[in-house]
Amino acid sequence: MTITGARVYRGSLPLATPFVTALRRVDDALFVILELHTDSGHTAYGSAPETKAITGETLESIEAALRQHILPVLLGRPFAFETLLHAVTVSLPGNSSAKAAADMALYALAAQEQNLPLYHYLGAEEPAPVTTAVTVSLGTPETMRIKAAELFRNGYGTLKVKVGGGDGLDAHRIREIAKALPDAQLLVDANQAWSLEESLAFIEACSDLPLALIEQPVPAADLEALRQITERSPFPILADEAVFDAEDARRVLDKGAADLVNIKLMKCGGLSGALAILDVCRSFGVQCMLGSMLEGPVSIAAALHLAAAHPDRFEWIDLDSPLLYRTLPADLPFTIQGNSYVL
Ligand SMILES: [Mg+2]
């Protein structure tokens with residue numbers, strides 16, 4: 001099998017309501033799609049969204065990385081899977097989302113070559129349904145409480161609540177939601193917005209609440225602050241922006257700077273990078289979240305296959321983009337049943 005052709009093009013899906021975090025506001029899921037063709041008649045897809053605020057990549061940069069650096073190391077090459085994965089990794093520095101698009105397309109081809117669904121290729125006999133958290137965007141405490149209650153009523157029991165409003169009201173936001181929804185599991189995500197002092201003040205103010213975890217309270221680079229918070233917090237601390245790849249995971253866990261790690265295909269360059277982080281986390285006995293950016297269906301599907309293959313390693317799943325689309329595309333590569341996905 002040889003990769004003989006490729007197409008790179010854009011996709012977009014409008015969101016039902018804007019997605020707002022401490023870092024950005026998004027109205028449409030915008031992404032690049034990579035299509036690979038082989039001389040054996042196989043076609044495989046990869047995809048990567050624009051996430052300038054996190055990986056520094058735009059649609060333009062993802063397209064350029066694919067066309068100018070990544071596809072030249074794939075086209076016309078015989079399909080030696082590990083060799084091609086490595087060629088993508090070293091094709092240029094950074095550009096983890098562009099690499100993720102290529103990586104997941106290569107995994108799709110590897111699975112197709114063996115006539116297996118991807119989850120099976122990754123080690124699962126049967127795909128278990130994958131239950132996801134859903135995001136409550138940053139807003140006023142009142143609008144967030146109303147939105148959280150609406151989601152909970154609609155069957156979403158695990159809520160990823162975005163904080164970092166910069167208005168001193170974050171603890172109030174969470175207390176209001178926790179009071180209204182005592183049975184919801186609340187994952188609090190500050191997206192790096194707090195200082196060490198603000199983080200500790202939040203924890204103090206919410207210490208009587210049953211919060212499931214606090215995600216990336218402080219800037220990614222400040223591992224010492226993250227370590228102190230982890231040491232003092234009664235709630236598990238989840239590293240997100242502080243961990244892009246396996247090397248970061250090792251550094252953070254070596255330092256005791258987090259209790260959990262949020263793996264996202266776009267941060268770590270795809271499934272191979274995610275499996276490498278899983279290995280590191282397993283060696284530390286640390287559980288993971290499988291997260292996502294605001295992504296299109298192709299890359300969410302790749303993450304779902306990974307989740308289905310490693311149900312024991314992912315304590316939390318945060319793949320809620322498809323739940324946020326205004327309308328579902330007809331060719332969705334999975335089905336949605338309430339807050340669960342079925343491959
Ligand atoms: Mg996060």
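Strand S4 and strand S14 (residues 340-342) are joined by 2 bridges and run antiparallel. This is a predicted model. Val130 has Tyr341 of S14 as its bridge partner.

The sheet is open and holds 3 strands, ordered S4-S14-S13, with antiparallel pairing. Strand S4 (130-131) and strand S13 (335-337) are the edge strands. Each of these pairs on one side only. Strands of a sheet pair through backbone hydrogen bonds, either parallel or antiparallel.

## The nonpolar core

The largest nonpolar core contains 114 residues. Ala101, Ala105, Leu159, Val161 and Val261 have the most contacts inside it. Helix H3 (residues 96-113) supplies the largest share of this core, 11 residues. Domain 1 (3-116) and domain 2 (130-342) both give residues to the core, so it lies between them.

Ala105 is among the residues with the most contacts inside the core. Leaving aside neighbours within four places in sequence, Ala105 is in contact with Leu34, Leu36, Ala44, Tyr45 and Gly46.

## Packing of H5 and H6

Two packed helices are described by the angle between their axes and the distance between the axes. For helix H5 (residues 141-153) and helix H6 (residues 170-180), the angle is about 30° and the axes are 9 Å apart. The crossing of H5 past H6 is right-handed.

Which residues meet where H5 and H6 pack? From H5 come Pro141, Met144, Arg145, Ala148 and Ala149. They meet His172, Arg173, Glu176, Ile177 and Ala180 in H6.

Note on methods. Residues are numbered from 1 along each chain as its sequence is written. This is a predicted model: local features need pLDDT of at least 70, side-chain atom pairs count only at pLDDT 80 or more; totals for chains, interfaces and linings use all residues. A nonpolar core is a set of buried Ala, Val, Leu, Ile, Met, Phe, Trp, Tyr and Cys residues joined through C-beta atoms within 7 Å. A residue is buried if 20 or more other C-beta atoms lie within 10 Å of its own, exposed if 12 or fewer, and partly exposed in between; C-beta atoms are placed from the backbone. Helices (H or I, at least four residues) and strands (E, at least two) are DSSP runs, numbered from the N terminus. Domain bounds come from an automatic or database domain assignment. Two residues are in contact if their C-beta atoms, placed from the backbone, lie within 7 Å. Two strands pair if DSSP finds at least two bridges between them. Axes are lines fitted to C-alpha atoms, for helices over the stretch in contact, and angles run from 0 to 180 degrees between N-to-C directions. A crossing is left-handed if the near helix is turned anticlockwise from the far one by less than a right angle, and right-handed if clockwise.
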